[in-house]
Amino acid sequence: MGVEGIGARVVRKEDKRFITGKGRYVDDIKLTGMTHAHFVRSPHAHAKVKGIDSSAALKMPGVVAVLTGQQIVDDKVGNLICGWAITSKDGSPMKMGAWPAMAPETVRFVGQAVAVVIAESKNLARDAAEAVVVNYEELPAVADVHAAIKSGAPQLHPEAPGNQVYDWVIGDEGATDAAFAKAANVVKLDVTNNRLAPNAMEPRAAIADYDAAEEHFTLYTTSQNPHVARLVLSAFYNIAPEHKLRVIAPDVGGGFGSKIFIYPEEMVALWASKKVGRPVKWTGDRTEAFLTDAHGRDHVTHAEMAFDANNKITGLKVKTYANFGAYMSLFSSSVPTYLYATLLSGQYNIPAIHAEVVGVYTNTTPVDAYRGAGRPEASYLIERLMETAARQLKVDPAQLRRTNFITQFPHQTPVIMAYDTGDFNASLDAAMKAIDYAGFAGRKAKAKADGKLRGIGVSCYIEACGIAPSKAVGSLGAGVGLWESAEVRVNPVGTIEILTGSHSHGQGHETTFCQLVAERLGVPISQVSIVHGDTDKVQFGMGTYGSRSAAVGLTAILKAMEKMESKAKKIAAHALEASEADIVIENGEFKVTGTDKAIALPMVALAAYTAHNLPDGMEPGLKESAFYDPTNFTFPAGTYICELEVDPGTGKTSFVNFVAADDFGRLINPMIVEGQVHGGLVQGIGQALLEHAIYDANGQPVTASFMDYAMPRADDVPSFNLSHTTTLCPGNPLGIKGCGEAGAIGASAAVINAITDAIGKNNLEMPATPDRVWRTIHAA
Amino acid sequence: MSTVKLTVNGKAVAVEVEDRTLLVQLLREHLNLTGTHVGCDTSQCGACVVHMDGRAVKSCTMLAGQADGASITTIEGIAKGDELHPMQAAFRDNHGLQCGYCTPGMIMSAIDIVHRHGGQLDETTVRAELEGNICRCTGYHNIVKAVLDAAGRMKVSQAAE
């Protein structure tokens, strides 16, 4: 490894613009003649739109237009799509209601747009939106999954009777029933995985600019995957053909999944820009983010685990109700199915698993992938079950896990996934050592003497990342392939541009991707720039989510680098009158091995572009591209252990120590990896202790601002003790597994296992607020 | 409409604004100082923190008119030319930022924290003081490290002056 190569803690190249206020986010951009959009949104969870009177609004100063849902339908803008087809156990396709970008007839959640005001300023648009009179006829609404599937419940979509989207199963029911019939012990658990609001700090925003002469649109948008946005806007929403639509995602202020999806607002901005003949900008406020950014989680699950007399797991049965909200968001259908139930084997050897997932419509904001997407729900369930089992079977929770760990790889689980490699004992050992697990009993006793309830909680998570082999996901219903593309351009002066379909919105690609180039060529990272987030510059890409950018995106760059290096070596060999096989690349030079003959990269590049003296038949230029499609998922795994104290008088939880031992395969930049883990852990802790997107029984959101929704603050969380136990991923040449979601996947079970250990009661739902913990302690 | 006269990053400016204009709108929309961000509508997240007469304020929670006659410093105004403010350097060196959206407000709050505590800071105090700044990316771990690191650097640079 060089000072800036793979494994180096390189300070980030992108930081200078962010720390000096020179970042360029969508809302920072101004276009000549730009107008501003403000949406008129439903205050009701379920209602008929009987009429919209825009006459007063249209007379207000600065108002350019008021556009309604009926107009967008009349103009044949497509309905929003769900990109992953799931088949129910009876063989029927999932049942979906139509989702127009603005509702022409019926609103189904609070915040759904019915009209948009376009005006000369944001304030004027907001003023006029207040003057748009919408005549609603309220309908009964339902927010809870169990209430929604009861007979007589309010019905959301005629296409989905009983509010049921699908009833999907995975695994072998017969084998699982047989395992339970023979079980020595059965452990049962009911778990709610609380609904979360993603809350990237930058609210979503869009600027649409229609060029009537060229019939061409430019969209600046807060997207994790601008190329997929262009594809979907073109192929399904009829905005414009792809060559007439440029999508730019500049600096994006966090995503966590919520900025994967193509939302109504950017569709409306594009459509409105053509209608009014001027650029249209929309920037959401925080309450709009709570109302319209796809939420995460929201599962209700009953699970049972069977054990033999030696405490070995013999079977697992799971039934989950997944709340999808009012409409099926872009990847929503895959989250509680192929991203959740396929991870139900956890780190354990479980011979038989059967899971059933019922997807349900409710009058709430749509739910989709949020950091971890299905895998946190699976990990939380399994790790709560393991802790419950340890308590019921009266064995040490770490030992129960060890007894059941998978130790032979590859390992085929009963739920599709084939784990390629791992060492679960190593990460458990590392975490137990880091927290002094052996000394816990002494610490607990001392805390008790001080009037505090101390607990320790283990969570051994596994996730499937590096999403994903296109053929495999295609066979499971995905509407897209999940490869990545890259291009390496060596300029005539020898500087290098890497074009990638990945998108950085905090992950530090502008640094880590350069580190690969530094590693291979021995050039400083200042000689390399990363180009991403613009469909006019980068050919195509699938974007950044599912911890895929290093395992898939960086591997695509590696493949393109290899092609470029191969051509450059031919040029160098020709110039040096040496054999291509003898050329090695070191410190930015192409050297003839064992000699002092060398030619520097800029001279090779110049030779490629002057083309005065290239090998016979070689094309000029030094630019190569590659598409990389992974052969398997990757399987990051690890152990988190949390030690905390509960004040029995207040129910308040205080962290004592939180250790994380992760196996991410090869690390490109450990500093950035640690940052990803820190952030993920706090999102997991936030779910466990603080966060909950709550609706009342009528579908009114109760938590629609940071005044009501408890975001983790600096004084809510501890500092962390991190370590890595590494098994290289055999599925990609760099050995990378991915690190972006692990913290959010593993942390919440560690916290709840620790609190329930402290208070000596096993049933405690998230978020474990002081009130809830106090009531649990003092419940009869 | 009113004319607001103020000093922004050392430069005197007079801006004609609607009376309801917020200070953050004046900075972002009228002066194109887009480093100051808006992350919420309720004065909770701190992405909009600037200094008014040397003290941290949330620029989304005051009218531009309330800053009439004041001296405002934004994230764009704290480096001396190419030389970063010690807090900026500490955020970079400690990986105290990821997406960068909360970062300007964090840095402006953190400078104020160090000023108020005279460099006598510990982790608990920093965490308590950062209560009004929300970050969704970093988990705060490296932000806390950066603030403590910068507190040391600022003491050294003060001693040198």
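Here's a short chat about strands and helices in this predicted model.

Student: In chain A, which strands stand at the edges of the open sheet of 7 strands?
Tutor: The sheet has mixed pairing and runs in the order E3-E5-E1-E12-E9-E10-E11. An edge strand here has a single partner strand, so one side is left without a neighbour in the sheet. That picks out E3 (63–68) and E11 (245–248) of chain A.

Student: Over in chain B, does strand E2 lie largely buried or in the open?
Tutor: E2(B) pairs with E1 (residues 2–8) of chain B in the antiparallel sense, over 7 bridges. To count as buried, a residue needs 20 or more other C-beta atoms within 10 Å of its own. Of the 7 residues of E2(B), the number buried is 0, so the strand lies largely in the open.

Student: And how does H2(B) sit relative to H3(B): roughly parallel, roughly perpendicular or oblique?
Tutor: Helix H2 (residues 86–93) and helix H3 (residues 103–117) of chain B pack with their axes 10 Å apart, at an angle of about 125 degrees. Roughly perpendicular covers 65 to 115 degrees and roughly antiparallel needs over 145. That makes H2(B) relative to H3(B) oblique.

Student: How many nonpolar residues are in the contact of H2(B) with H3(B)?
Tutor: H2(B) brings Met87(B), Gln88(B) and Phe91(B), while H3(B) brings Thr103(B), Ile107(B), Ala110(B) and Ile111(B). By class, there are no charged residues, 2 are polar, and the nonpolar count is 5.

Notes. Residues are numbered from 1 along each chain as its sequence is written. Chains are lettered from A and ligands numbered from 1 in the order in which they are written. This is a predicted model: local features need pLDDT of at least 70, side-chain atom pairs count only at pLDDT 80 or more; totals for chains, interfaces and linings use all residues. Axes are lines fitted to C-alpha atoms, for helices over the stretch in contact, and angles run from 0 to 180 degrees between N-to-C directions. Helices (H or I, at least four residues) and strands (E, at least two) are DSSP runs, numbered from the N terminus. Angles under 35 degrees count as roughly parallel, over 145 as roughly antiparallel, 65 to 115 as roughly perpendicular and the rest as oblique. Two residues are in contact if their C-beta atoms, placed from the backbone, lie within 7 Å. Ala, Val, Leu, Ile, Met, Phe, Trp, Tyr, Cys and Pro count as nonpolar, Asp, Glu, Lys and Arg as charged, and the others, Gly among them, as polar. A residue is buried if 20 or more other C-beta atoms lie within 10 Å of its own, exposed if 12 or fewer, and partly exposed in between; C-beta atoms are placed from the backbone. Two strands pair if DSSP finds at least two bridges between them.
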